[in-house]
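Dear colleague,

I am handing over the structure we spoke about, and below it you will find my notes on what turned up in it. Please read them with the sequence and the structure open beside you.

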Amino acid sequence: MHSIKILIVEDEAVVGLDLEARLEAEGYDIVNVVNNGPRAIEVYKSQQVDLILCDIKLIGNMTGIEAVQEMIAFREAPVIYLTAQADRSTIEAAMKTYPSAYITKPFNNESLKIAIDLAINNFAVRAQNQPFPKEKEETIKPLHPTSKLPDRETILQINDYVFIKENYKFQKIQLTDILFFEADKNYTTIHTESRKIALRLTLNTVLERLSATKFIRVHRSYAVNIDKIDSFDEHDLNIGKFQIPIGRSHKEDFMKYFLFR
């Protein structure tokens, strides 16, 4: 399971370090802590960032709002503003960058965790229904059978990652880490090398919503990551220690994948 990667942009060093310590204790991965706009943009463009925590007042001539504008023009991501400035004009300026949350200082850990959770949620929903003005296309799909607000079983796909809500917190899984999906009626279990995660979604729903050509159906109860297959014969395939049956109705499509590569 991969942690959500957060970029902290904060002009006060003590506050930035405190934020880093708080979030790392909660299991988040802090990409960097920077105190000015140009450096924030540089880090953002060169590294994977899932969420931006940004103060509005920064060191130098560039404000946090201006820095965020340039960052989301390059690549969209959910934004949370952390600031002591709560005047109407500042809020209106911040709203033009479509923030997922706006938290005034001081704040507590619980409100910060809730804001991050909502930011990931709302970003995916907004991207589906009301996309930001963008210069660069990205793949952002909610893995959910309806367009209503996601519930506790939500899965969100953002590019090559899937975010799974587990214990009221989003966890990140890289698509390439998934070995296979296993269906049991209305539930689907995701298997990785280190763990398995049960979801209250059908296998059909997961595969229909997942933008990944590497996952193929080999049985009514199984879909596998084609890159993880170690061996196979007419009846079964092997992925590590797992032996997975090849269903009669899926055998032809499974073999076609290899014949037409």
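Lys 214 forms a salt bridge with Asp 227, and the closest N and O atoms of the two side chains are 3.7 Å apart. Lys 214 sits in the loop between helix H6 (203-209) and strand S13 (215-219), while Asp 227 sits in the loop between strand S14 (222-225) and strand S15 (231-232), so the pair ties together parts that are 13 residues apart in sequence. Lys 214 is partly exposed, with a relative accessible area of 29%, whereas Asp 227 reaches 53% and therefore counts as exposed. Please keep in mind throughout that this is a predicted model.

The count for the structure comes to six salt bridges, and two others deserve a description here. In one of them, Glu 26 pairs with Lys 113, with 3.6 Å between the closest N and O atoms. Because Glu 26 lies in the loop between helix H1 (13-25) and strand S2 (29-34) and Lys 113 lies in helix H5 (residues 109-129), this pair ties together parts that are 87 residues apart in sequence. Glu 26 counts as partly exposed at 26% relative accessibility, and Lys 113 is also partly exposed, at 29%.

Another salt bridge joins Lys 45 to Glu 70, where the closest N and O atoms are 3.8 Å apart. This pair links distant parts of the chain, with Lys 45 in helix H2 (residues 37-46) and Glu 70 in helix H3 (residues 64-74), 25 residues apart. Lys 45 is partly exposed with a relative accessible area of 40%, and Glu 70, at 36%, is partly exposed as well.

A charged side chain also meets a ring in this model: Arg 75 lies over the face of Tyr 44, at 4.2 Å from the ring centre.

Turning to the aromatic side chains, a search of the whole structure finds four aromatic pairs. One of them is formed by Phe 180 and Tyr 222, whose rings are tilted, with 6.2 Å from centre to centre and 55° between the planes. This pair, too, links distant parts of the chain, as Phe 180 belongs to strand S10 (residues 178-184) and Tyr 222 to strand S14, 42 residues apart. Phe 180 has a relative accessibility of 2% and counts as buried, and Tyr 222, at 16%, counts as buried too.

Phe 181 and Phe 215 form an edge-to-face pair, with 5.1 Å between the ring centres and 65° between the planes. Phe 181 lies in strand S10 and Phe 215 in strand S13, so this pair ties together parts that are 34 residues apart in sequence. Both Phe 181 and Phe 215 are buried.

Asp 55 lies in the loop between strand S3 (51-54) and H3. Is this residue, Asp 55, buried or exposed? At 4% relative accessibility, which is under the 20% limit, Asp 55 counts as buried. Leaving aside residues up to four places away in sequence, Asp 55 touches Val 9, Glu 10, Asp 11, Gly 64, Leu 82, Thr 83 and Lys 105.

With kind regards

Terms used: Residues numbered from 1 in each chain as written. Predicted model: local features only at pLDDT ≥ 70, side-chain atom pairs only at ≥ 80, totals over all residues. Heavy atoms only, no water. Salt bridge = Lys/Arg side-chain N within 4 Å of Asp/Glu carboxyl O. Helix = DSSP H or I, 4+ residues; strand = E, 2+ residues; numbered from the N terminus. Buried < 20%, exposed > 50% of the residue type's maximum accessible area, 1.4 Å probe, protein only. Contact = heavy atoms within 4.5 Å. Phe/Tyr/Trp six-rings, centres within 6.5 Å; stacked < 30°, edge-to-face > 60°. Lys NZ or Arg CZ within 6 Å of the ring centre and 35° of its normal.
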